[in-house]
Amino acid sequence: MLQFRLCEVFTALIKKYEIPSRLLEIEITESAYAENFDQLIATVNELRACGFTVLMDDFGSGYSSLNMLSNIELDILKIDMKFLDTSNHQNTRNSSILESITSMGRWLGLRMIAEGVETHEQADRLLNLDCEYMQGYYFYKPMSRDHFCELLADAGRIDVRGMQAKRLPSIDLEDLFHKDITSEAMLSNILGGIALYEIEDDTHLQILMVNDRYYRITGCNAVDLQERSRLITRQIHPEDMPLVWDIFHKAQEAESMGASGTFRRYRLNGELMWMHMQAFFLHKQGNRKLFYGSVSDVSTTMSLQKELLAILQTMPGDIFEYQVYPDERLSCRVISAGLSLLHGYTTQELQDILENGMLEYIDERDHDEVMRIWSNPKQWKTDCSVEFRLFTKTGETIWVEQHIRYIREEEGVRIYNSLLTDITKIKKQEDELLESQRLLHHLLGIANQRDSPRQLTKRNKEHAAKLYAESFPGGMIGGFCEKGFPLYFANEEMIHFLGYDSYQDLYQGINGMVENTIYQEDRAQVELDLGTTFREGMEYTTRYRMVQKDGSLIWGQDRGRVICEKQGRLAIISTCMNIDEIVKARQLLQKVR
């Protein structure tokens, strides 16, 4: 930096490659400051005058950082990653230094980037300190050029505004709490319920003082609370005491971040309520620890959640929630186990299976396909699905379909819901179809010669095909590959499935066109699935709403093949499965969520 006229070098480069100067950022370190102070200041000023952005790298890593900050006009501070160290002996000191650095940066109007962010907890701590720009493996690890180009193509993940320093003025809490501005009653309502807790010898919890709002939230009064203050744990549901102790323990570790949780507490009249508490560790003196607690009544919310869970439990499927972090790390939570009567696993057992590895509960023949989906959340996009064989608690095998659907994004974490439904009956019908399909192909005269059974007469072929179609355990329908798909045939199961009494009744009801069994709004998707050109042997799968005789709609799934009938006309032969229950379960899940 000190050996070349950097400004001239960089100016020549941006002219040569036609790059705006604001897009080129130049980082300096304190080692440059120590070598030639005066020349460094002149170079930095010249670079900034030409429109380049100048950053101080690893701020706080050495002894000269503050001197540099006082003498050099900079654009951005890059905070050294060592201040994110959360080891026990460093946590308090580093947190204090980090808070001081971010406060100083805001006061000076500097933009700041925290380096080396690797965990969700570190990102949360920085956001709590109003440091909004970060870099590190928590977000992305070194990537290939193709991956980088793919990332740039996603407009939702790219902020083209650059780093911003201007913001709305911050509220001065000292002014807010000034008695000339806000009354005590107003502050109590603003802050909600407040209590100061003391823990003695890590075993005894008591309340020292509360505000008026606390009494209204808990249904208590000053006299009774005074009598119960040293025995406040008796007001907490016994099953939830470990959770309460855990909140205080985490609050002491997290310091300024605090910790929160929801637990059950008894009101003065014995009624059980749900209380949410956000606790902060204040200080320790001897064997006593002081905590600040902000509390609120969330009984209504918890009641609604219980009602929601009761609705979800009635759905014919297991419901999971997936969280995909920026580094594509995946976590999963079981919401309900609607298939527990089928596979035998409780909600907690399913959660344990997910956390300890679910592959051993899946037929190894399906491992590759399952892992292709599970190991690459990027391909989920808005929704995707996978079918696999699952071992029940008793060792039996059932077929399930997992449908994963995108819900929303929260602070860079993508949220997906997943519905696991039983498709054993459908797969059994498919297996029966596949088992019999070879014979059907022979009977219709479309089998390979080397696979043909004994030769049948033309009349016998037609008769056998008719018997097969009528006895197949599912709906079968055929239509010629012409406009509207003129009806070729339909078996009894299909006729009754659509609500008709006879083949003639069906023919008249759909005006002889198979297309009229497809709900009008779904025809475009069916055409997309089948295509507009047909060839013998082509196979397809499609889903759509079928129109029954009385006008009602029912979801069906068609799997079929294009054949060449005896007069040389191409026709489709479809087997239809009733998937109405599965589709409606998915729709209910989406509506409830």
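Leu23 sits in the loop between helix 1 (6-17) and strand 1 (25-28); helices (H or I, at least four residues) and strands (E, at least two) are DSSP runs numbered from the N terminus. This is a predicted model, where local features need pLDDT of at least 70, side-chain atom pairs count only at pLDDT 80 or more, and totals for chains, interfaces and linings use all residues. Residues are numbered from 1 along each chain as its sequence is written, and side-chain values use heavy atoms, with hydrogens and water left out.

**Surface**
- Leu23 counts as exposed because its relative accessibility is 54% (buried is under 20% relative accessible area, exposed over 50%, partly exposed in between, with a 1.4 Å probe and protein chains only).

**Salt bridges**
- The whole structure holds 28 salt bridges, each a side-chain nitrogen of Lys or Arg within 4 Å of a carboxyl oxygen of Asp or Glu.
- Arg389 pairs with Asp366, with the closest N and O atoms 2.8 Å apart.
- This pair links distant parts of the chain, 23 residues apart: Arg389 is in strand 12 (residues 383-391), and Asp366 is in the loop between helix 15 (347-356) and helix 16 (367-374).
- Both Arg389 and Asp366 are buried.
- Lys427 bridges to Glu387, with the closest N and O atoms 3.1 Å apart.
- Here too the pair links distant parts of the chain, Lys427 in helix 17 (residues 424-443) and Glu387 in strand 12, 40 residues apart.
- Lys427 is buried at 10% relative accessible area, whereas Glu387 is partly exposed at 23%.
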